[in-house]
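Subject: Handing over the structure

Dear colleague,

I am passing this structure on to you, together with some notes on what turned up when I went through it. Please keep it open beside the text as you read.

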Amino acid sequence: MVKRVKIAKYTKEKNKAAWAKFNAERAARKYGLWENLRYTFSQAWAVDKNMVLMIFTGFLFDKGWEIAAMFTDKYVVELVLGERSRYTLMAIVIGLLIGGRILAQLGNITFTYNWWVGSFRFRRHMQSILVKKNVYTDYENNEKTSVNDALNKAHYASENVAYDTLYNVRELLGNIFAFVTLGSILSFLSPVMVLFVAVPSFVSYKINRRKMMWIWNMADNWQNYDRQLEYIHSASSDISYAKDMRIFNLPRFFKQVLDRSFASRLDWYEQQDEWSFWHDVAEQIVLWTGYLCSYGYVVYKVFTGNISAGNCVLYFNAISLLSNTVYKLVGSYGGFQWQSDNISYAREYCGLPDKTNRGKGEPLPKNDYEIKFQNVSYTYYKADEPTIKNLSFTLHKGERLALVGLNGAGKTTIIKLMCGLYDPTEGEILLNGKPVNAYNRDEYFTLFSAVFQDINELPVSIAENISGESYERTDQEKLTRCMKQAGLYEKVMSLPEKEKTHLVRSLYDDAIELSGGQKQKMALAKALYKNAPILLLDEPTAALDPIAEQEMYLNYASFSKGKASVFISHRLASTRFCDRIIMLENGGIAEIGTHSQLMKAGGKYAELFELQSSYYNDEAVNENE
């Protein structure tokens, strides 16, 4: 059982420290409240003008029918008591009932449109801004935890807060309108009535604010448990965990972790509940003190004969509505500040600077391409040591270059540096003698076709996965040629829907699940379909069987013809068809040369080659035995 942590007293020192932290975070925000309101409304206006117009008119309908209902009660009482002409009162009551229902219906229509149609459009618009930033920002940003945290906050803002800000503006305008109207009504009885209602409501807000400050200040204590619970939920429903779940009996372990995290989180919920309870009690005492004073004053006026029964009902309703209105009004500023901070998260994420050139760049070379690494070093985010150290070599025009070495030698990092996903920490990469950053980075990406180790399928057809276009825009002849070169054609043609077959079974009932080798072939077909002048292959045969691997080697000469290419493999025998081989060790070049040259040198490459050869020979001997 988790030992309960005693609620921390909210001392003056703690209160001061909490506000200092709160204000420091607020001061660090790049955008202020009014800037964020203008930004939100400008984005909303661009998406759906009707939604914005309904926000600035809907508040009249929202509060209009409440005020109409309040006066209806007054005149119904007067009608029942016969205090005035029955025909006049009947006409007034009917008019108020009809007018109130019309206002209520108009309010409901505008609110429903805003909540469903306008909200959906606006959220989609804000999400598209984030998605665009996420897919176009520097690749390195996606690997930084700080950037991913910023993205999570930005997603939350785009999902809820941005539209909530619009909705709260409607609420604010309605409450201002109601405060002026209700305050005027009560002022006719006595100006002190407004104080009877407003002061307790303001004090009640301050009590609630203190309650929320404790919750905000303690939030760091339970964030970790929330992340744990979210991870457990995500992992338990992720198909990639399904096999291990069953084979290794992980559900029992997951339940233990879930119970532990749940108990810890529940402990903080209980503390929050206790803290909230006593503040809620104090808040209700203050509010009801104001109510008793207000209602008592009205009753006194009725008792002394200074107001009629109808006006008594009117004032009673006005007191209740005004109290609620003042409470919402004084809370609006804090609410808008919170929403403004969250909108800032989205705007600040979208404003993250990119190191790479996204503006106008040098025109790309037209024909042959040569890439030169000049004293290049690269250190990963928060890593202590560089993965690549002072590396210099050249990928010559039309050359087939192989990178070999043990795990962690830096082969994949070189590929990512070469194609522009990473920028060197030190040194420079040149394309045809000019620095890579002299070119627009998106244009630079067009020079490369790549097969990476991590292969992701999109939930579309096989044809669309390969071409990156809709099926109608896919070049069928080119698609067929690329699938044949990659060794995927026969498999695809054996399927009922052939190249129209969907992938990702969790989304489509008729989808198929490709094997690891088939996914690798599809990735190769995708790279060939792009037909870029530089081909990068990072372990393209790792998941292939020996026959398919041999076929790929035989085809490599044809589909790499006329291109510069880089080939990474752990199987050194596969590099014999390359023009040059670079042996990497500890982030630097250990050896460089052709296969025959390196074998004659008798260095690291020859040692690894002989080791792998002996392994396969031993297998053959064992099989013969």
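In what order do the four strands of the open sheet stand, and is their pairing parallel or antiparallel? The order is β2-β1-β4-β5 and the pairing is antiparallel, where two strands are taken to pair if DSSP finds at least two bridges between them, and where helices (H or I, at least four residues) and strands (E, at least two) are DSSP runs numbered from the N terminus. Because β2 (388–395) and β5 (434–435) stand at the edges with a single partner strand each, one side of each is left without a neighbour in the sheet. Strand β1 (residues 371–378) and strand β4 (residues 426–431) run antiparallel and are joined by five bridges, and Phe373 stands opposite Ile429 in β4.

Before going further, please note that this is a predicted model, in which local features need pLDDT of at least 70 and side-chain atom pairs count only at pLDDT 80 or more, while totals for chains, interfaces and linings use all residues. Residues are numbered from 1 along each chain as its sequence is written, and side-chain values use heavy atoms, with hydrogens and water left out.

Turning to the helices, α2 (residues 33–47) has 15 residues and reaches 21 Å from its first C-alpha to its last, close to the 21 Å expected at 1.5 Å a residue, the expected span being 1.5 Å times one less than the number of residues. Among the buried residues of α2 are Leu33, Leu37, Tyr39, Phe41 and Ala44, where buried means under 20% relative accessible area, exposed over 50%, and partly exposed in between (1.4 Å probe, protein chains only).

Ser204, in helix α6 (residues 192–236), has a relative accessible area of 0% and is buried; leaving aside its neighbours within four places in sequence, Ser204 is in contact (heavy atoms within 4.5 Å) with Glu283, Val286, Leu287 and Tyr327. Lys133, in helix α4 (residues 86–136), is buried at 12%, and its contacts, with the neighbours within four places again left aside, are Tyr349, Cys350, Leu352 and Asp354.

The nonpolar cores come next, each being a set of buried Ala, Val, Leu, Ile, Met, Phe, Trp, Tyr and Cys residues joined through side-chain atoms within 4.5 Å. The largest has 40 residues, and those with the most contacts inside it are Ile462, Ile466, Leu524, Leu537, Phe559 and Tyr605. Several elements supply at least two residues each to this core, including β3 (400–404), α12 (462–467), β7 (534–538) and α18 (604–624), and α15 gives the most, with seven residues. Beyond its neighbours within four places in sequence, Ile466 is in contact with Leu479, Met483, Leu488, Met522, Ala525, Lys526 and Tyr529. A second, separate core of 34 residues includes Leu403, Leu431, Leu536 and Leu584.

How many salt bridges does a search of the whole structure find? There are 19, a salt bridge being a side-chain nitrogen of Lys or Arg within 4 Å of a carboxyl oxygen of Asp or Glu. One of them joins Asp259 to Lys255 (2.9 Å, N to O); these two are four residues apart in helix α8 (residues 250–303), and so are separated by about one helical turn. Another joins Asp442 to Arg358, with the closest N and O atoms 3.0 Å apart. This pair links distant parts of the chain, since Asp442 is in helix α11 (residues 441–445) and Arg358 is in the loop between α9 (309–350) and β1, 84 residues apart.

Tyr380 and Tyr422 form an edge-to-face pair, 5.4 Å centre to centre with 90° between the planes. Tyr380 is partly exposed, at 24%, whereas Tyr422 is buried, at 1%. Phe111, Trp115, Tyr163 and Tyr167 form one aromatic cluster.

With best wishes

How values were computed. Rings of Phe, Tyr and Trp (its six-membered ring) pair if their centres lie within 6.5 Å; planes under 30 degrees apart count as stacked, over 60 as edge-to-face and the rest as tilted.
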